Amino acid sequence: MKALACAAVAVSWFVAAPAWAHKPSDAHLRLVASGETLTGRLDIAVRDLDGALGLDADGNGQITWAELSAATPRIAEYVSRRLVLGADGTTCRQELGEPALADLSDGAYWAIPLRATCPHKAVSLDITYSLLFDIDSMHRGLAHVAGQTVILRDARPVRVTLDAATSFTSFVKEGVWHIWMGIDHIMFLLCLILPAVFQRRTQRWAAADSLRDVCKEVFEIVTAFTLAHSITLVISAIGLITLPSRFVETAIALSVVAAALNNILRTVDARWAVAFALGLLHGFGFSSVLIDLGLPSHELIGALLGFNLGVELGQAAIVLTLLPVLFWIRRTLAYQALLWAGSGAVAVIATLWSYQRCFA
Amino acid sequence: MRTTAWGKPGRGRRKLTVLALGAIGLAAALTASAFVAPNHAAAAAPTYLPTDPARVVATVPARDPAEVATRQALAASPDRVELAVELARGDIQRYHELSDPRYLGRAQATLGRWWKLAEPPPEVLLLRATIEQAIHQFPEARADLDHLVQVRPDDAQALLTRAVVATITADYAAARQSCQAVAPLASPIVLATCEAPLDGIAGKADEAYARLARLVGAVRTGDAGVRGWALTALAELAYMRGDTDAAMGHLARAIAIDPEDAYARNLDADILMATGHTADASKMLAGRELIDSHLVRRAIAEHELHGPDAETLVLAMRERIAAAAERGDRIHLREEARFTLAVEQDAARAVRIARDNWSVQKELADARLLAETAVAARDRAAAEPVIAWARTTGVHDVTLDRFLAQLEVLR
């Protein structure tokens with residue numbers, strides 16, 4: 001009878017095998033090497049940190065923000081003890097930045113910015129990662145370095161060869177991705193381009209006749225925008241001027257409002273000037289992405305160039321796709337609707353954004 | 001000059017220019033998207049700081065004082081295997097309750113000191129085999145179980161686990177032998193349930209169904225886990241025989257016993273979808289998408305129904321497949337093949353994944369999957385292993401037989 005009870009108790013252990021759930025325990029380590037400096041971010045699941053360090057102070061199964069932030073020093077100590085970065089066999093000096101939360105598909109992660117200074121410029125990077133394996137044998141560290149993802153399965157050091165070329169292309173990709181995902185940059189550009197097929201003729205507005213004129217104007221606008229955001233991107237990325245991100249994000253949203261309102265009110269005809277003046281703000285926004293990616297503040301020409309090139313490519317793709325369509329429909333009612341109602345809608349939405357970004 | 005679509009003569013060249021520009025732009029956008037999209041998983045998520053100190057940022061199992069005491073005792077004397085076994089059992093149980101694989105990893109870590117031993121204590125051997133089975137390391141699980149039943153021939157749990165692993169890997173003689181060895185240790189219903197899939201695969205689904213149905217009907221009490229298991233096995237047999245109503249009836253009872261029974265729920269959803277009740281299948285899995293095998297079925301169902309959640313579910317499934325690939329896991333093959341066939345509609349890829357899956361596990365569901373994807377890909381050669389398997393075993397399953405007949409036409 002004892003054997004039967006034993007068999008019965010654990011039926012689910014062998015029968016319910018297909019119940020593999022959400023992600024197993026993964027931590028993400030993103031690193032960018034530049035010169036002697038490594039910068040990046042480590043994201044660890046809050047649930048995993050609880051397993052290792054017991055964050056749930058009252059033991060009720062709910063980890064509150066208060067409990068998590070109280071454990072910040074313990075977490076930092078745990079991470080600095082268990083993550084060692086090196087360059088070609090030498091050890092780098094590490095500092096952890098101010099952590100924050102990041103929401104991934106399977107819950108909240110603790111994101112810790114990190115920065116390491118190595119004795120020399122790394123040709124290959126040594127990662128010694130021993131987080132969590134002692135409590136969860138199936139934990140994996142996923143190191144994203146120079147366009148590669150390396151799986152860290154145990155505490156043994158792993159060597160990653162850095163390749164300048166992949167690093168450059170990875171920044172180009174980030175640039176393209178950022179402009180496409182950054183709906184505010186796209187909206188801004190759209191608002192500026194939208195009226196280009198509709199030009200002022202002495203006193204009244206009429207559809208442009210010549211595609212060449214339209215292309216010329218759009219070219220001017222895009223060039224002005226590019227120049228402006230490149231300037232502030234560089235200034236900000238090398239740390240000459242840094243602005244608080246809340247201010248930058250709000251200002252970018254307001255710049256979208258301004259560009260949209262200008263389509264309705266027709267205050268400024270020289271939209272290239274608007275593109276330049278307000279484009280300066282967008283450059284600050286791009287640089288915060290680069291900083292999030294962990295961009296070091298020297299020897300960053302390659303990364304900057306790559307990222308900017310990516311932004312321009314992504315932008316050019318949008319303009320080249322849209323311009324012919326706009327030119328085609330410029331005499332139709334649909335175009336008028338797009339110009340007036342579209343600009344109005346963008347103005348309203350961007351106003352809401354600025355409110356959210358400023359006060360939320 | 002001929003009047004063009006633009007309404008005025010002389011505009012042909014301009015139209016061409018506009019079209020050319022458009023084509024270049026579109027081509028640039030498409031190239032760039034192919035170039036950019038795969039990398040986006042690597043982009044870091046934006047960070048934030050909550051303002052409300054009481055905000056719950058993560059949920060974990062509530063602290064169990066007894067477990068804490070045991071863990072402390074183990075830390076004080078790390079050699080006490082019985083404490084490690086107790087803790088590991090708790091973690092495996094938690095894995096089954098929450099379907100969170102991180103608890104399997106925790107169980108393994110707790111047993112770390114004994115994990116790599118060639119001959120760990122029998123209790124550790126059983127837990128190691130259970131974990132290996134759960135992460136689809138069937139050869140390793142089998143070796144441990146073979147060893148375990150030698151040192152403990154009366155361990156019913158070990159014998160049943162061995163029977164299941166041997167069935168999955170198509171070693172039917174070993175599975176039958178393990179089931180028989182359980183007979184003197186457990187009730188007849190356990191033996192009949194253990195043998196049900198073996199009889200089904202041997203082409204004796206009718207007899208097996210009659211035998212198990214009689215036992216399930218006769219024994220109204222007894223261990224709930226065993227009853228749920230027996231009802232699910234009964235449903236499998238009914239489905240093999242094409243009696244979908246009976247199968248769904250048995251599954252409804254199994255799910256009533258344990259609403260968290262993922263296996264029974266999946267089978268029920270599969271039968272519902274196969275019989276055209278896609279909306280019902282989706283409904284019964286709604287809110288349970290944390291479990292991959294539920295998510296994939298719901299994504300397929302909503303995709304077919306063009307439901308409002310379709311896009312979210314499909315994206316979630318894609319993300320999960322990508323995340324598993326990123327860490328090098330290959331245990332989602334069954335789900336991935338289904339998804340690739342039904343949603344991505346890439347039959348050629350689906351059949352490759354189904355073949356990889358067949359090399360790992362050979363249950364009836366895996367056979368159906370390989371045959372179905374091969375039919376969709378019009379690739380009879382890919383289904384060769386399943387055709388051979390069906391011929392040797394003499395299996396008769398209404399669903400599989402239909403696919404095999406369709407494959408015959410492709411010959």
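At what angle do helix α20 and helix α22 of chain B pack, and how far apart are their axes? In this predicted model, helix α20 (residues 364-377) and helix α22 (residues 398-410) of chain B pack at an angle of about 30°, and their axes lie 9 Å apart. Two packed helices are described by the angle between their axes and the distance between the axes. Angles under 35 degrees count as roughly parallel, and α20(B) and α22(B) are therefore roughly parallel to each other. The crossing of α20(B) and α22(B) is left-handed. On the side of α20(B), the residues that meet α22(B) are L364(B), A367(B), R368(B), A371(B), E372(B), A374(B) and V375(B). Their counterparts in α22(B) are T399(B), L400(B), F403(B), L404(B), Q406(B) and L407(B).

Chain B contains 22 helices and 2 strands. Of its 411 residues, 47% are buried. Among the contacts in chain B between residues at least 6 apart in sequence, 48% join residues at least 24 apart. Helix α4 (residues 102-110) of chain B is mostly covered, since 9 of its 9 residues are buried. Among these buried residues are R102(B), Y103(B), L104(B) and G105(B). The cover over the buried residues of α4(B) includes elements from both chains: α3 (46-53) of chain A, together with α3 (81-98), α5 (112-115) and α6 (122-134) of chain B.

Most residues other than glycine have a negative phi, and most peptide bonds are trans. H306(B), however, has a positive phi near 55°. H306(B) lies in the loop between α16 (292-305) and α17 (310-326) of chain B, and it counts as exposed because it has 8 C-beta neighbours inside 10 Å. R378(B) likewise has a positive phi, near 50°, and is found in the loop between α20 and α21 (384-393) of chain B. With 14 other C-beta atoms within 10 Å, R378(B) is partly exposed.

In chain A, 4 strands form an open sheet in the order β5-β4-β9-β12, with antiparallel pairing. Strands β5 (90-91) and β12 (158-161) are the edge strands, each pairing on one side only. Strand β9 (residues 124-129) of chain A is joined to β12(A) by 4 bridges, and S124(A) has T161(A) in β12(A) as its bridge partner. Strands β10 (residues 140-145) and β11 (residues 148-152) of chain A also run antiparallel, joined by 5 bridges. Here G141(A) has L152(A) in β11(A) as its bridge partner. The hairpin of β10(A) and β11(A) has 2 residues between the strands, and A146(A) takes a positive phi near 45° in this hairpin.

Strand β3 (residues 62-64) of chain A includes I63(A). I63(A) counts as buried because it has 24 C-beta neighbours inside 10 Å, where 20 or more are required. Within chain A, I63(A) touches V46(A), D50(A), L55(A), D56(A) and L68(A), and in chain B it touches V56(B), V57(B), A58(B) and V60(B), not counting residues up to four places away in sequence. I63(A) and D50(A) are 13 residues apart along the chain, and their C-alpha atoms are separated by 8.3 Å.

Confidence in chain A is expressed by a mean pLDDT of 82, with 88% of its residues at 70 or more. Over residues 1-9 of chain A, pLDDT stays under 50, and the model has 19 contacts beyond four places in sequence for these residues. Where pLDDT is low, the predicted coordinates should not be read in detail.

Technical notes. Residues numbered from 1 in each chain as written. Chains lettered and ligands numbered in written order. Predicted model: local features only at pLDDT ≥ 70, side-chain atom pairs only at ≥ 80, totals over all residues. pLDDT = per-residue confidence, 0-100. Contact = placed C-beta atoms within 7 Å. Buried ≥ 20, exposed ≤ 12 C-beta atoms within 10 Å, placed from the backbone. Pairing = 2+ DSSP bridges. Axes fitted to C-alpha atoms, helices over the stretch in contact; angles between N-to-C directions. Parallel < 35°, antiparallel > 145°, perpendicular 65-115°, else oblique. Left-handed = near helix turned anticlockwise from the far one by under 90°.
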